[in-house]
Structures are given as structure tokens and as C-alpha cells.
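Subject: Structure handover

Hello,

Here is the structure you asked to have passed on.

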Amino acid sequence: MVSSRLIAALQIQSKALQEIHEYLRSRRFLEIMPIILSTTTDPLGPDPGSSIITTPHIDYLGQSLVLTQSMVLHKQILVSSGIERFYVMSPNVRLEHPDRNSTKRHLFEFSQVDFEIAHGTMEDVFMIVEGLLKSVTRRVLSDCADELDEWSRLLKCPARFKRYSSVELLDRYGEDWETAASLDATDPFWVIDLKREFYDAEEPERPGSYRNYDLIYPEGYGEALSGGEREWEYERLVKRILHDGLPLSRFSSYLEHAREGFVPSAGAGLGVERLTRYLVGADHVGDIQTFRRVPGERVVV
């Protein structure tokens, strides 16, 4: 039997998604359909924040295909093919280590609002996302008062979005800076310059610094979104892949498109379930799923 709290959370999620669609379409974003299987996917490494056990493979007609961990590589191909502003409701499978259960924000199957902007910058993404989160929050506050009451949630519209470097937060809070900084915050905030995957653009004049970002929810809810400006030059991509110790053959089809010509771009992915958890104030992100997909928990259905 589905609880009244879960129904309330799903109604809030539905209203939030409605607002997301309207907001992005009003800003000339084209919706595309997600990619589920492909020859390659986001490696999610050597990001120190990643704890993927394995990437699922499926053999189909003699070809080995992988399940999507994120659509970032496909987004670079699409944004360079002439679709200059687009978004996708993208289902992702990330087989996380069971220890991730304790974070209360990790799932091994989830969806995100993934978008990309040709010739976009960090500032373009910040403007889009800040406006989006304010718009969604206002819509939920206006249309979902009864559902928020069901969760005893005192939700407020973000007032400002501060910016910090990852080094600054590491120095202040230590290795688990995300949780500690989130607990200290009363509004969402940006964290920039994180060591992550090869496709996040490195600062040309400052090797080892990156033009990427996370958005962190306040009140201990943690990461909401990850993204970055993209490496787009073929030689740079090859150099970064090799530096990360990854085989070039794993990304051969992606690199063929890069050789033909990528354009600079920027984008991000906003977790839908994490957004819903934050809006209703749920203790664990699995509490707002119809069928829990939590690392370490046995799948029932």
C-alpha cells in the first residue's frame, strides 16, 4: 500500500517536473529522448567522489553495449551537430558501493534533468540553474501547500547562491566537506574547481584547475547537480584520457566525432529524486521512490 506521504511527494515531484519543462522550453531548450544503451558512457572516474563497482554490459547481436551512467559524451556529440540548446530526462544506472546507503542521497538507478548549451560558459549555467530552482520552489510553494504539510516541510525559496572553491571548503571542513558545508548552509551554493573526468575543461593558464561545478543543497541534503565547461579539442581530449589511465579504445566512437569537430559547450545534470527529497524534506532519497533503488538494499520488485 502506497503511503499518503509518498503520494504527496510524487505530486510535488510531478509539479516540479512540469515547471522544469516549462522553464527550459521558454528559454529555447529543445527536449530530446534519452540514450539507454551505447558503445561507451561516462567513465565516472578518476573522480574521487565516485564509488562505482562495475558498469553493466549487454551483448546484443555480437556487440557489447553499456548502460548509461550519464549522457555527457552523447551531449557533446549532439551539441556539436547543430542542436545548440537541449535537455533530456535521462535515466542513469550507477552500480554504487553499498556504503553509499549511509549518505542518504545515493541511488543505483535514478533520473536527471541533463542539459547542454553550445558555446555556453559556467556563468550561463549558473544563471539557468539558479532561475530554475527558484521557479520550481515558488511553483511548489504555490501549488502544493497540502502536500508540503503532509511532510511538515517548511520550504523556502532560495535567496542567494554563494560560490566557493573546492580547496576553500576542503581547508575549512576536511575531506567530507560536502556534508559539513551543506549542514551549515541555509541556501543552495556552488562549488567550483573539482578534480573529475577528462571531459571537464581544465584552466589553460592553471593546469590542475577546472572549469566545473557542483550545486549543493542546504540543510544537509548535499549535492543537487554536477556539470562543467567541456574539453572540446581532439588533442586535449586524447591527452586527458591517457592522463587518467583510461584506454582510448573505450572511447573510439566518441573520439571519432571529436576528430570531426566539437564545439565548446557547458552543461549539467540535476538529479530528479534528490530534488524531490529536498523539496519535501525526506530523510533518505529512497523514501520518495515508488520502487527503492538504494545501494546495499535488496531489490524487491
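This is a predicted model: local features need pLDDT of at least 70, side-chain atom pairs count only at pLDDT 80 or more; totals for chains, interfaces and linings use all residues.

Residues are numbered from 1 along each chain as its sequence is written, and side-chain values use heavy atoms, with hydrogens and water left out.

Salt bridges

The structure holds 29 salt bridges (a side-chain nitrogen of Lys or Arg within 4 Å of a carboxyl oxygen of Asp or Glu). One of them joins Asp-214 to Arg-196, with the closest N and O atoms 2.6 Å apart. Asp-214 sits in strand E11 (residues 212-217) and Arg-196 in the loop between strand E10 (189-192) and E11, 18 residues apart. Strands (E, at least two residues) and helices (H or I, at least four) are DSSP runs, numbered from the N terminus. Asp-214 is buried at 5% relative accessible area, and Arg-196 is buried at 7%. Buried means under 20% relative accessible area, exposed over 50%, and partly exposed in between (1.4 Å probe, protein chains only).

Both residues belong to a network of salt bridges that also includes Lys-75, Asp-114, Glu-116, Asp-200 and Arg-230.

Glu-223 and Arg-274 form another salt bridge, at 3.7 Å from N to O. Glu-223 is in strand E12 (residues 222-229) and Arg-274 in helix H9 (residues 272-280), so this pair ties together parts 51 residues apart in sequence. Glu-231 and Arg-240 also pair, at 2.9 Å from N to O, and both are buried.

Helix H2

In helix H2 (residues 72-79), the buried residues are Val-72, Leu-73, Lys-75, Gln-76 and Val-79. Viewed down the axis of H2, they fall within an arc of 160°, so they line one face of the helix (the arc is that of the directions from the helix axis to the C-beta atoms). Their cover includes strand E6 (85-93), strand E8 (109-118), helix H8 (252-261) and strand E13 (265-271), where contact means heavy atoms within 4.5 Å.

Cysteines

There are 0 disulfides (pairs of cysteine sulfur atoms within 2.5 Å). For Cys-144, the nearest cysteine sulfur is that of Cys-157, 14 Å away. Cys-144 is buried at 2% relative accessibility, whereas Cys-157 is partly exposed at 25%.

Regards
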